[in-house]
Protein chains: 2
Amino acid sequence: MAHYTVLEFVDGRLRMLDQRRLPQEMTYFETEDYRQAADAIREMVVRGAPAIGVAAAYAMALAALHSQARDSAALLGELEQAAGVLRAARPTAVNLFWAVERIMECIKNTPDGPVADLGQAVLREAGAIAAENAWLCKQIGLNALELVPEQATFIHHCNTGALATVEYGTALGIISTAHAHGKKVFAYVDETRPRLQGARLTAWELQQLGIPHAVIVDGASGYIMKSRHVDLAVVGCDRVAANGDTANKIGTYNLAIVARAHGVPFYVAAPTSSIDLAIASGEQIEIEERSASEVVRVGAEQITPQGTQVANPAFDVTPAEYITAFVTEAGIARPPFGESLAEMVEKAKDLTRNV
Amino acid sequence: MAHYTVLEFVDGRLRMLDQRRLPQEMTYFETEDYRQAADAIREMVVRGAPAIGVAAAYAMALAALHSQARDSAALLGELEQAAGVLRAARPTAVNLFWAVERIMECIKNTPDGPVADLGQAVLREAGAIAAENAWLCKQIGLNALELVPEQATFIHHCNTGALATVEYGTALGIISTAHAHGKKVFAYVDETRPRLQGARLTAWELQQLGIPHAVIVDGASGYIMKSRHVDLAVVGCDRVAANGDTANKIGTYNLAIVARAHGVPFYVAAPTSSIDLAIASGEQIEIEERSASEVVRVGAEQITPQGTQVANPAFDVTPAEYITAFVTEAGIARPPFGESLAEMVEKAKDLTRNV
């Protein structure tokens, strides 16, 4: 458990830590209206693909529980409408679509009954999505324990903590689980330009968890590895190809190259849901180019001259050869990844059936 | 020549582009008072070691030309005082000490005469320092021409332009000289966290020079090299050891590692005055750790949580093995650098005697 609540559903209300105000303020957004929950997703009160999925599932529960529908057909109609509103909140968030779809499947598969019972069924399904997500992150942290020395200095990129996943986190969960198991942990935190998720969010989470750390600029990782000591690099992933090529936040590839040059093992925390066996290699992964404004301004501060050209790829692809291993909820995948990743995906299916 | 004046001495006044206001405003700071010139150096109206040296030399000329001293002994006393004020402006700037010392040597070696004549001698010496500096930068740009293909995509770190050197620049001079010689040039500009000299100053200089470019975050260099095309990396240097290990702005080492991984040649623009044959390797170079405030804030914008720990090394050391060649005013030094760098230092002494 994180030492702070990212998202919870209490007394018919959805309550979320307002991540737009972090790290300066710790305030909560609360609502019992699914439309307001959709607005909160759009406005990034909550961010991180898994956390968005959980928020959307609970937003569907809000729609069901506070419905005035008099029969199940009317409720289904209202939920279809809510699903549409939520899908429109963040048009590219895969976990959002997946979670909304799963809730709709659930309601369609629930035997007809009183509206209140159907509402409870939706709430149970949203709770199951949240619980599976927490379980999965916890397993990644536990599975990684064997990779982490008793005294471990990590280097970490972007934000992969509870803020992004509701509980535990993925790569950050590896760090916090090792800490919770009594290992002596220190983390260097890449600030992660342009959006500074490391400096803003990861530093805040580590502070809350009482884990010693130091924020560094992204260009300092080589100097830190060479002049101090780093035992392992841990990062998350947005999408992993069948061969192990991994798309993640821009700067991940540089960190992997620099880690290799210093003999520092490079681990990717990867829920099997992020492993896409349908794509053979990273060459098939399209990289989003985002607005120049992310680079030319920090908050209200304009950095570059007016009219300067900017290249702002949001992600990069780290070739599999730079990755020491993937840590999934089903175990650790080592090279050759073509085999081990497929094995993890199969194993995870069995595990999920038994949760 | 730059298309903008960084620093000039006209009609008994020192006039400097106010770099604190760049890139938002192009305003000039003017003074005939050496104390105000010292303040301007302290407050970073002018920055970059060579530019600071030239500014300090002209500040000594201000002291001499506007002196009310009635004889040469009184003038010498006033200049000693001015030298003290200027030395205190930036206590770690080697070029500042060197330039002030050279002016003091000049005045001591000038035959006794009217105060006005001695003032003119100081002004001539300051002009000589500026001219030698411009000549040296120009030679670096010309010497590098053979390394630059007709269509050349560069990647560049920090700021090494006329803003830092008064004329031409060092690594940026390699880019602008190639452009001026009709080569088709494009430059990727590392923004260079934490102080953003790339985003603020290099982008501005390239814009003034009409050279096509794109600013990138420092973590994007690997992605850019892999997915687009980069012909060569060029950087400046703060200090080069006898074996070629090179101290430069933090992030240079990461760029060198990433360039090596992509087979991109990595060139260091190095005035021979930066080559320190007295130190055998980079291990003897001490790295300045600067204030956390550079990392936790951008302008008025606070990024990290209050109280976050930060590691902020200002420089890193790139081992010689990552460097393809050094471009000096005396020619190109290739491996083994132990021999070629010493040769360049000797050759430069001969050249300077003939300038």
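Two strands pair if DSSP finds at least two bridges between them; strands (E, at least two residues) and helices (H or I, at least four) are DSSP runs, numbered from the N terminus. The model shown in these views is predicted: local features need pLDDT of at least 70, side-chain atom pairs count only at pLDDT 80 or more, and totals for chains, interfaces and linings use all residues. Residues are numbered from 1 along each chain as its sequence is written, chains are lettered from A and ligands numbered from 1 in the order in which they are written, and side-chain values use heavy atoms, with hydrogens and water left out.

**View 1. The seven-stranded sheet of chain B.** This open sheet has the order β6-β5-β4-β7-β10-β15-β16 (chain B), and its pairing is mixed. Its edge strands, β6 (213–216) and β16 (331–333) of chain B, each pair on one side only. Strands β10 (residues 266–269) and β15 (residues 325–328) of chain B run parallel and are joined by three bridges; within β15(B), Ala325(B) is the bridge partner of Tyr267(B). Helix α8(B) packs on the sheet and touches β4 (151–156), β5 (184–190) and β6 of chain B, its direction making about 165° with that of β5(B). Contact denotes heavy atoms within 4.5 Å; axes are lines fitted to C-alpha atoms, for helices over the stretch in contact, and angles run from 0 to 180 degrees between N-to-C directions.

**View 2. Helix α8 of chain B.** The 13 residues of α8 (residues 197–209) of chain B should span 18 Å at 1.5 Å a residue, and the end C-alpha atoms are 17 Å apart, which agrees; the expected span is 1.5 Å times one less than the number of residues. Eleven of the 13 residues are buried, among them Trp204(B) and Leu209(B). Buried means under 20% relative accessible area (1.4 Å probe, protein chains only). Just after α8(B), Gly210(B) takes a positive phi of about 70°.

**View 3. The three-stranded sheet of chain B.** Here the strands form an open sheet in the order β1-β2-β3 (chain B) with antiparallel pairing. Four bridges connect β1(B) with β2 (residues 13–17) of chain B, and Met16(B) in β2(B) is the bridge partner of Leu7(B). Helix α1 (residues 34–42) of chain B packs on this sheet, touching β2 and β3 of chain B.

**View 4. Surroundings of Met60(B).** Leaving aside neighbours within four places in sequence, Met60(B) is in contact with residues including Leu79(B), Val100(B) and Val122(B).

Note on methods
Buried < 20%, exposed > 50% of the residue type's maximum accessible area, 1.4 Å probe, protein only.
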